[in-house]
Amino acid sequence: MKALKFNLSGKTAFFKKPDVNSYVYFTYSNIHKISLLGILGAILGLEGYNQQKRKVKPSIYPEFYEKLNDLKISIVPKNISLTKKIQVFNNSVGYASFEEGGNLIVKEQWLENPEWDIYILLDDNSSLLKNLEERLLKYHFTYIPYLGKNDHIANIKDVEILNVQNIESTCEIHSLIDKTVVETISQPKKVIREYFKYEERLPYKLEEITNQYIYQKFLHTNFNLELQCFKNIYECNNLNLFFF
């Protein structure tokens, strides 16, 4: 089996959490599958949320999600230490605020210098995946990809096609992994210079009609993991990856 791999990075990123805060809008600490599918949709020229709303009879999902949600992807964070900063700026368009002067002070939490390696399992029978593969290899994108908002331009590089194979035994997972498939977490016997363990509830599906996020808790760590099954675990590029 083959996988399409590319490096995704940016100077900043903002993957907005939908729960509203009166003072600050917060970001998820890693890119999630819905945002990643949005980037792939932009590359392919697929329609998004805005085009869906303009239709006389809206479809259940935006086009990018409807066509891409079955892709099996793996996300490998390149930054162990996540750096975030609160950015403050003014929105002075007339309809931004009902306050005097029409000026809205916006505070957002941005990721700084985020970077991931993205892997996508390929299917020789999928014309859509063939199109995506060709566009990424040639850096021929319909729309400019960005990391959450159009203020945060995405950099894509190191595109390549790699061999992957399913594995049935490992205690190390180098990508994000759905925590529900993890039975136990234990400290490695070998000495590691720096231990890390990140957990977060991330969007991984959309509800029908409302398009609200459905969440799952994901884990990224260099601790040993005992897994319930190895159905979605593949070895690629000397890494053990979870695809979802």
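Modeller: Start with the sulfurs. The structure holds zero disulfides. Bear in mind that this is a predicted model.

Biologist: What is a disulfide, in general terms?

Modeller: It is a covalent bond joining the sulfur atoms of two cysteines. In this model the count is zero.

Biologist: Is C171 buried or exposed, or something in between?

Modeller: C171 counts as partly exposed, because its relative accessibility is 36%.

Biologist: Next, empty space. What shows where it is left?

Modeller: You roll a probe the size of a water molecule over the atoms. Here there is one cavity of 30 Å³ or more. The largest cavity has a volume of about 80 Å³.

Biologist: Which residues lie closest to the centre of the largest cavity?

Modeller: S29, N79, L82, P114 and E115, out of 14 lining residues. Strand 5 (104-112) and strand 6 (115-121) are the elements that each give two or more residues to this lining. By class, the lining has five nonpolar, six polar and three charged residues.

Biologist: How much space lies in the second largest pocket?

Modeller: About 350 Å³. Its lining has 21 residues, and K33, K72, Y204, K205 and F244 lie nearest the centre. Helix 1 (33-44), strand 11 (197-206) and strand 12 (213-221) are the elements that give two or more residues each.

Biologist: Which element gives the largest share of that lining?

Modeller: Strand 11, with three residues.

Biologist: How does the lining of the second largest pocket divide by class?

Modeller: Twelve residues are nonpolar, three polar and six charged.

Biologist: Now the sheet. How do strands pair?

Modeller: Through backbone hydrogen bonds, either parallel or antiparallel. In this structure, four strands form an open sheet, ordered 3-6-1-7, with antiparallel pairing.

Biologist: Which strands are at the edges?

Modeller: Strand 3 (73-77) and strand 7 (155-163), each of which pairs on one side only. Ignoring direction, neighbouring strands of this sheet are turned by 20° against each other on average.

Biologist: How many bridges join strand 3 to strand 6?

Modeller: Five, and the two strands run antiparallel. To find one on screen, go to V76, whose bridge partner in strand 6 is D117. Strand 6 is also one of the elements that give two or more residues to the lining of the largest cavity.

Terms used
Residues numbered from 1 in each chain as written. Predicted model: local features only at pLDDT ≥ 70, side-chain atom pairs only at ≥ 80, totals over all residues. Heavy atoms only, no water. 1 Å grid on protein atoms, 1.4 Å probe; cavity = no way out; pocket = protein on both sides within 12 Å on 5 of 7 lines; lining within 4 Å. Points joined across faces, edges and corners; volume = space filled by probe spheres on them. Nonpolar A, V, L, I, M, F, W, Y, C, P; charged D, E, K, R; others polar. Disulfide = S-S within 2.5 Å. Buried < 20%, exposed > 50% of the residue type's maximum accessible area, 1.4 Å probe, protein only. Pairing = 2+ DSSP bridges. Axes fitted to C-alpha atoms, helices over the stretch in contact; angles between N-to-C directions.
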